[in-house]
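Visitor: Could you walk me through this one? I would like to start with its open spaces.

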Amino acid sequence: MFIKGKIIIVFTLVLLFVSCDNSRDTITTPVKVAADTTASQQISNPVFMYGIPSDSFDLVTGHIKRNGLLSEILLRHGISMQEIDQTLKNSRSVFDVRKIRSGNNYILFCDRDSIARARYLVYEHDPTTCYVFSFNDSLNITPFRKEIKSEIKYSSGTIETSLWDTMINGGLHPSLAIGLSDIFAWTVDFFGLQRGDNFKVIYEELFIDGKSLGADKIYAAQFNRTGSSITAIPFIQDGKESFFDIDGNSLRKAFLKAPLQFSRISSHFSSARMHPILRIVRPHYGVDYAAPIGTPVHAIGDGKVISSTTENGSGKMVKIQHNSVYATAYLHLSRFGEGVFPGAYVKQGDIIGYVGSSGLSTGPHLDFRFFQNGSPVDPLKVDAPPVEPVSEENRIKFEKIKTVVLSLLGTFN
């Protein structure tokens with residue numbers, strides 16, 4: 001396996017993003033804190049944490065215990081119940097303390113004397129947002145938004161077993177695998193990747209306090225397989241950004257390549273297969289995807305639910321009619337998705353059920369079936385029609401962006 005990740009600074013990215021909206025608000029919200037009284041605490045170059053001069057205090061860290069109360073923490077550090085009540089009363093519109101989550105971290109900023117009274121408590125609500133409780137002249141709670149930093153990166157990898165494993169073994173954030181699978185879901189069969197297949201991707205990764213939040217925006221990507229290469233070029237058309245191939249055809253097809261993510265094929269479409277339970281040879285008109293019970297199953301395309309029932313060996317099954325030609329079926333489910341009933345309309349990607357082992361099944365898996373004009377066909381060989389390509393009026397702008405994308409991807413080997 002080969003993986004590398006680089007920060008790239010290329011002014012031509014400006015041209016690449018001519019048609020892409022990359023505006024982002026990542027401004028740290030300042031917190032106003034009351035000044036402490038003693039002159040000895042005034043430092044010419046204080047070190048700030050959450051807008052507080054942290055080197056003026058002793059810091060006490062901890063995490064919210066299960067069923068723990070904020071008042072218990074504060075009472076132990078010199079804050080009276082009256083002050084706590086007044087602080088909460090003054091800040092009801094800012095933060096509801098009932099939403100405090102067990103396991104989350106907090107930091108107390110305490111006076112450097114024998115009493116060690118807490119002046120501030122910072123509660124880390126989520127990776128981006130903290131709340132500063134002030135117990136000075138003003139009693140209030142103030143939100144503090146951490147600064148989100150971004151880096152434009154380039155990464156590439158060669159498949160040994162799967163895209164997911166390649167990402168994990170290469171030290172890349174798993175969200176990048178999810179992002180790529182979303183972009184290429186209609187054109188790359190991720191269950192059919194072979195050893196030696198490779199990819200390139202230019203993307204933005206977000207960080208807070210030096211820790212990665214994961215891949216955010218993908219600017220360009222390419223999958224190379226034996227005898228074929230697919231490049232994803234971002235372009236805004238009709239006010240919506242989508243990805244297109246080098247010919248201007250949308251990478252978004254009428255159907256997803258698979259109804260679930262990151263699984264494996266345990267049995268293929270066959271006209272003569274030994275049934276694992278009945279021990280007789282008979283056709284298997286579907287593809288089995290082995291996955292844990294409860295794994296979400298997605299509709300591969302828009303359509304109308306024509307059945308959601310339990311049928312003997314098929315177990316819990318959902319069947320969707322997509323148009324006058326195509327229909328799909330999802331067998332051996334553990335349960336149906338919310339609002340999935342005969343007559344309901346679903347959109348591509350909607351959860352229509354969850355992997356199970358109902359009916360005649362030796363273990364948890366999804367039996368996925370595809371029908372063309374009423375006859376079963378191999379789901380892995382269906383050539384789904386694409387959606388609208390780049391229009392003629394947008395062709396010149398698209399060609400400029402394509403030139404930049406191919407140039408950037410070609411820069412890295």
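Guide: Gladly! A pocket, on a 1 Å grid over the protein atoms alone, is an open set of points where a 1.4 Å probe fits, with protein on both sides within 12 Å along at least five of seven lines; lining residues have an atom within 4 Å of a point. This is a predicted model: local features need pLDDT of at least 70, side-chain atom pairs count only at pLDDT 80 or more, and totals for chains, interfaces and linings use all residues. Residues are numbered from 1 along each chain as its sequence is written, and side-chain values use heavy atoms, leaving out hydrogens and water.

Visitor: Which residues lie nearest the centre of the largest pocket?

Guide: The lining of the largest pocket has 40 residues. Nearest the centre are Ser181, Asp182, Ala185, Trp186 and Leu256.

Visitor: Which element gives the most to that lining?

Guide: Helices (H or I, at least four residues) and strands (E, at least two) are DSSP runs, numbered from the N terminus. Helix H4 (163–169), helix H5 (174–183), strand S13 (240–244) and strand S14 (264–267) each give two or more residues to the lining of the largest pocket. The most, 5 residues, come from S13.

Visitor: How many bridges join S10 to S11?

Guide: Two strands pair if DSSP finds at least two bridges between them. Strand S10 (residues 198–208) and strand S11 (residues 211–225) run antiparallel, and Ile208 has Lys211 in S11 as its bridge partner. The number of bridges joining S10 to S11 is 10.

Visitor: Which residue in the turn between S11 and S12 has a positive phi?

Guide: S11 pairs with strand S12 (residues 228–237) in the antiparallel sense over 5 bridges. Their hairpin has 2 residues between the strands, and the one with a positive phi, about 80°, is Gly227.
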